[in-house]
Amino acid sequence: MAADTATDVFEEHRSVLLGVAYRMLGRVADAEDVVQDAWLRWAAADRGDVREPRGFLVRVTTRLAIDRLRHVQSRREAYVGPWLPEPLVTDHTAAVPDGADRVVLADSVSIAVLVVLESLSPLERAVFVLREAFGYPYADIAVTLDRSESAVRQLAGRARKHVGEGRPRFDVDPAEQRDLTERFLAAAADGDIERLLSLLAPDAILVGDSGGKSKAPLRIIETAAKVARFLAGAARKGVDEHTTFETLELNGAVAILARYDGKPDAVFQLDVADGRVQRVYVIRNPDKLVSLG
């Protein structure tokens, strides 16, 4: 296989490889490093023996991601405050024509699901990602992980059960979520506690991720009253003429990116159900905002 052909084949599958690696690792930079390592393996491989390049590349990427995940898990045990995944800009409408497939892809990359995946073992996470997000047959996953098909099915069952128990079900129309997000942002930016309370579910929570590198709560804030007071106080202290807001799609759902003097400062995303905000995610770790610059 000529060098330019090898590059073309790899680039054809790059988005899938990034999708697998990001869902495994929850960080864009780590996913890109894994895909770069996969390219080096592909470039050095005897490609004449590769009958299915996509299968080969997904197998290599998954194994590299498992190794990377085992390495970073110890790092995350010492993480300061709650951990949230690095925001990922998504637009499944162009790449995935079928509406049902778009829903599956968006759900598998949502912040809520990625948080639950953090509690799985690396092998369980790999099986869940390959099976639930990308629809790979158990036989192919068994080859990828060098496990028996029965063992893979057991891993899949445990992972599916754990994710099902830990994942909140917030099914909402995207237009409704966008409308509620924009109204919520306006109320928060104005520091209007009463309007915030009218939009928050009584048992709403706020999860902030700063990694200890910027200002954000180091514990989950619970109840609508406390969430509203926190947001109103933060607006009074941090929102001024240097602050701008923009709406974009992150992790398969509408989100708000706040910039300060043009630089990414925070990401806000909401989980919505029954017309109320159930969860507020705030990502302020500057390391996780680099890709949004």
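Aspartate 33 counts as partly exposed, at 38% relative accessibility; here buried means under 20% relative accessible area, exposed over 50%, and partly exposed in between (1.4 Å probe, protein chains only). The side chain of aspartate 33 meets that of arginine 68 in a salt bridge (3.6 Å, N to O). This is a predicted model, in which local features need pLDDT of at least 70 and side-chain atom pairs count only at pLDDT 80 or more, while totals for chains, interfaces and linings use all residues. Residues are numbered from 1 along each chain as its sequence is written, and side-chain values use heavy atoms, with hydrogens and water left out.

**Confidence**

- The average pLDDT of the chain is 89, and 92% of the residues score at least 70; pLDDT is the predictor's confidence in each residue, from 0 to 100.
- Over residues 92-100 pLDDT stays under 50, and for this stretch the model has 11 contacts beyond four places in sequence; a contact means heavy atoms within 4.5 Å.

**Salt bridges**

- The structure holds 16 salt bridges, each being a side-chain nitrogen of Lys or Arg within 4 Å of a carboxyl oxygen of Asp or Glu.
- Aspartate 33 and arginine 68 form a salt bridge.
- This pair links distant parts of the chain, 35 residues apart, with aspartate 33 in helix α2 (residues 28-44) and arginine 68 in helix α3 (residues 53-77). Helices (H or I, at least four residues) and strands (E, at least two) are DSSP runs, numbered from the N terminus.
- Aspartate 209 forms a salt bridge with lysine 288, and their closest N and O atoms are 2.6 Å apart.
- Aspartate 209 lies in strand β1 (residues 200-209) and lysine 288 in the segment after β6 (276-283), so the pair ties together parts that are 79 residues apart in sequence.
- Aspartate 209 and lysine 288 are both buried.
- Lysine 213 forms a salt bridge with aspartate 287, with the closest N and O atoms 2.3 Å apart.
- Here too the pair links distant parts of the chain, 74 residues apart: lysine 213 is in the loop between β1 and β2 (221-222), and aspartate 287 is in the segment after β6.
- Aspartate 287 has 34% relative accessibility and counts as partly exposed.

**Nonpolar cores**

- The largest nonpolar core has 48 residues, of which Phe10, Met24, Trp42, Leu117, Val127, Ile141 and Leu145 touch the most other members. A nonpolar core is a set of buried Ala, Val, Leu, Ile, Met, Phe, Trp, Tyr and Cys residues joined through side-chain atoms within 4.5 Å.
- The elements giving two or more residues to this core are α1 (3-25), α2, α3, α6 (111-117), α7 (122-133), α8 (138-145) and α9 (149-166).
- Helix α1 contributes the largest share of this core, 10 residues.
- Apart from its neighbours within four places in sequence, phenylalanine 10 is in contact with Leu17, Val35, Ala38, Trp39, Trp42 and Leu57.
- A second, separate core has 19 residues, including Ala187, Leu231, Leu270 and Val282.

**The sheet**

- An open sheet is formed by 6 strands in the order β2-β1-β6-β5-β4-β3, and the pairing is mixed; two strands pair if DSSP finds at least two bridges between them.
- Strands β2 and β3 stand at the edges with a single partner strand each, so one side of each is left without a neighbour in the sheet.
- Strands β3 and β4 pair in the antiparallel sense over 8 bridges, and the bridge partner of threonine 247 is isoleucine 256 in β4.
- Strands β5 and β6 run antiparallel and are joined by 7 bridges; the bridge partner of valine 272 is valine 277 in β6.
- Helix α12 (residues 224-238) lies across β1, β2, β3, β4 and β6, and runs at about 50 degrees to β1. Axes are lines fitted to C-alpha atoms, for helices over the stretch in contact, and angles run from 0 to 180 degrees between N-to-C directions.

**Residues with positive phi**

- Asparagine 251 takes a positive phi near 50 degrees in the hairpin of β3 and β4, which has 2 residues between the strands.
- Asparagine 251 counts as buried, at 2% relative accessibility.
- Aspartate 274 is not a glycine, yet has a positive phi of about 55 degrees.
- Aspartate 274 is placed in the loop between β5 (263-273) and β6, and counts as exposed at 79% relative accessibility.
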